[in-house]
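Here is a short report on one region of a protein model.

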Amino acid sequence: MVDRLIAVVGATGAQGGGLARAILADREDGFSARAITRDLHSERAQRLAELGAEVVAANLDDEDSLVQAFAGAHGAYLVTPFWEHFSPERETAQAQNLARAVKAADVKHCIWSTLEDTRNWVPLNDSRMPTLKGKYKVPHFDAKGESNRFFLDLEVPTTFFHTCFYWDNLINLGLGPKPGPDGTLVFALPIGTAKLPSIAAEDIGRCAYGIFKRGADFIGESIGIAAEHPTGLQMAAALTRVLGRDVRYQDVPLHEYRQFDFPGADDLANMFQFKQDFEDYYCGMHSVEKARELNPALQSLDGWLARNRERIPLE
């Protein structure tokens, strides 16, 4: 069988890295991986090359470089890095570059890692949620959701892939439990009693690979995934079981979270409010059953915590 080449944007990141490794670990289904990165010499890029990936350089702000990177690819995984620059306008421009580039390269199946445009649920004049940057409710959601139209308008064969909260955020974003005044570990999130569809980042890539392996089955479809739908209390209980220390859940009021002193706090607070206010929709959109169908080796929260307990900072 001739290899079907999948070009993976963000191959040195969480989502794309998971997909690239899933392709490279499977020698029997006729796929190969092209890792697209800005830095060919980074440690992660070199590691993918050692595993057998073709590694090429491209820049999301440079459409011509993307056309070259997608040349000859059967499929492409497309993701944009909002948290590198915090600009929804730049993210939208990058998404448009991606859509034009895969169209020019005649890619047969694209997976666009997207999110909801929350303004379809909370209009800008709705005072329940602050408007940010003048024209967004949840900028890092809205820019991706708004960008769906680029793929639709160009008639790119696309699966619209809705990811969710990464458990890896407990490690990489410092959202894990921290000691409270009495020494008890406190797991704090502004999610109230709502369920939080969530997943291991590695499994996002494995689910995307499952979509590619199904051929054209999901072209034109919106697919949302999650591994579990735990509440904050349930996540704290899982942390208690695995860490062997009491972990208490603390619901942070949204107005307090918006004032936290880190970039994007207001954006994240609005995101958590969207997930609370539209919990039924959001949980329904992010299907555990669909994720398990695409990736039978889907990890549980307890299993992921057990494998990563030493990596979670507790101070």
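## Helix over the sheet

Helix H9 (residues 232–243) lies across E9 and E12, and runs at about 160° to E12. Helices (H or I, at least four residues) and strands (E, at least two) are DSSP runs, numbered from the N terminus. Axes are lines fitted to C-alpha atoms, for helices over the stretch in contact (heavy atoms within 4.5 Å). Angles run from 0 to 180 degrees between N-to-C directions.

This is a predicted model: local features need pLDDT of at least 70, side-chain atom pairs pLDDT 80 or more, while totals for chains, interfaces and linings use all residues. Residues are numbered from 1 along each chain as its sequence is written, and side-chain values use heavy atoms, without hydrogens and water.

## The sheet

Three strands form an open sheet with mixed pairing, in the order E8-E9-E12. E8 and strand E12 (247–251) are the edges; each has a single partner strand, so one side of each lacks a neighbour in the sheet. Two strands pair if DSSP finds at least two bridges between them. E8 and strand E9 (residues 185–189) are antiparallel, with two bridges. Pro 179 has Leu 185 in E9 as its bridge partner.

## Gly 174

Gly 174 sits in the loop between helix H7 (169–172) and strand E8 (178–179). Gly 174 counts as partly exposed because its relative accessibility is 36% (buried is under 20%, exposed over 50%, partly exposed in between; 1.4 Å probe, protein chains only). Gly 174 and Glu 315 are 141 residues apart in sequence, and 9.5 Å apart in space, C-alpha to C-alpha.
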